Amino acid sequence: GYTTMSTLMTATPIHMNMMHGFTIFSTGIVLQMHVVGMFLPSLITGDLIKTFGHKKIIYTGILILLITIFIHFNYETYYGFMIGLILLGIGWNFLYISGTSLLVTTYNEQEKFKAQGFNDLLVFSSMAVASLSAGILISLASWKTVNLFCIPFLILIIASIINADRKTR
């Protein structure tokens, strides 16, 4: 989820400014609304997880990110970018909070520091690679390719959930 968010968040202002001629001010407003989408849902995400469970919130986050990609594919307008990045923030929030809160249920007390450290290493390393890759992808390929690049990461999340369900049975 973090990789998808980081890729699209980094590529969007480049695409808006360089390919569509939007001003830095306009792209800044879109990014500000994205940050609102990332953190405002945190006020209720924990309650949603308690009510519906981790898995449903993760699947909802994936669906929201797929809707984001659909919007990016079909609406390369100011409001298309804005709605897309707001939804990107909400989808990221659902995946990040539900994934992080699910992590603490998977290890015992003696493993907690190693588990959290390994998780952070994976999350933030993938985010760094995604951020650096976004500019390269958009310059070598296209906006649509950047969006398509994110889909395998969402499929990987779904496959991980299915695999974990299979193992717990």
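Figure 1. Buried means under 20% relative accessible area, exposed means over 50%, and partly exposed lies in between (1.4 Å probe, protein chains only). Leu 40 has a relative accessible area of 51%, so this residue counts as exposed. From Leu 40 to Lys 55, 15 residues along the chain, the C-alpha atoms are separated by 21 Å. A word on the model itself: this is a predicted model, in which local features need pLDDT of at least 70 and side-chain atom pairs count only at pLDDT 80 or more, while totals for chains, interfaces and linings use all residues. Residues are numbered from 1 along each chain as its sequence is written, and side-chain values use heavy atoms, with hydrogens and water left out.

**Figure 2. The whole protein, with its 7 helices and 0 strands.** Read from the N terminus on, the elements run α-α-α-α-α-α-α. The C-alpha trace spans about 50 × 30 × 25 Å along its principal axes. For 169 residues, a compact globule would have a radius of gyration near 15 Å, and the 17 Å of the protein agrees with that; the radius is taken over C-alpha atoms, and the globule rule is 2.2 Å times the number of residues to the power 0.38. Buried residues make up 36% of the 169 residues. The accessible surface comes to about 9,400 Å², and 72% of this area belongs to carbon and sulfur atoms; areas come from the Shrake-Rupley method with a 1.4 Å probe, and for residues only the protein chains shown count as cover. Among contacts (heavy atoms within 4.5 Å) between residues at least 6 apart in sequence, 80% join residues at least 24 apart.

**Figure 3. The largest nonpolar core and its residue Ile 157.** A nonpolar core is a set of buried Ala, Val, Leu, Ile, Met, Phe, Trp, Tyr and Cys residues joined through side-chain atoms within 4.5 Å. The largest one here has 28 residues, and Val 30 and Ile 157 have the most contacts inside it. At least two residues of this core come from each of H1, helix H2 (24–39), helix H4 (54–74), helix H5 (78–103), helix H6 (112–140) and helix H7 (143–168). H5 gives the largest share, 7 residues. Leaving aside neighbours within four places in sequence, Ile 157 is in contact with Gly 1, Ile 58, Ile 62 and Leu 95.

**Figure 4. Thr 4 and Ser 6, two residues of helix H1.** Helix H1 covers residues 2–20 and includes Thr 4. With 0% relative accessibility, Thr 4 counts as buried. Not counting residues up to four places away in sequence, Thr 4 touches Leu 65, Leu 88, Cys 150, Phe 153 and Leu 154. Ser 6 is also found in helix H1, and its relative accessible area of 1% makes this residue buried. Its partners, leaving aside neighbours within four places in sequence, are Met 127, Ala 130 and Ser 131.

**Figure 5. Tyr 96 on helix H5.** Tyr 96 is partly exposed, at 27% relative accessibility. Which residues does Tyr 96 touch, not counting residues up to four places away in sequence? They are Tyr 2, Val 123 and Phe 124. Asn 147 is 51 residues from Tyr 96 in sequence, and the two are 19 Å apart in space, C-alpha to C-alpha.

**Figure 6. Ser 126 on helix H6.** A relative accessible area of 26% makes Ser 126 partly exposed. Between Ser 126 and Leu 66, which are 60 residues apart along the chain, the C-alpha separation is 19 Å.

**Figure 7. Thr 23 in the loop between H1 and H2.** Thr 23 is partly exposed, and its relative accessible area is 43%. Follow the chain for 142 residues from Thr 23 and you reach Asp 165, with 47 Å between the two C-alpha atoms.

Note on methods:
Helix = DSSP H or I, 4+ residues; strand = E, 2+ residues; numbered from the N terminus.
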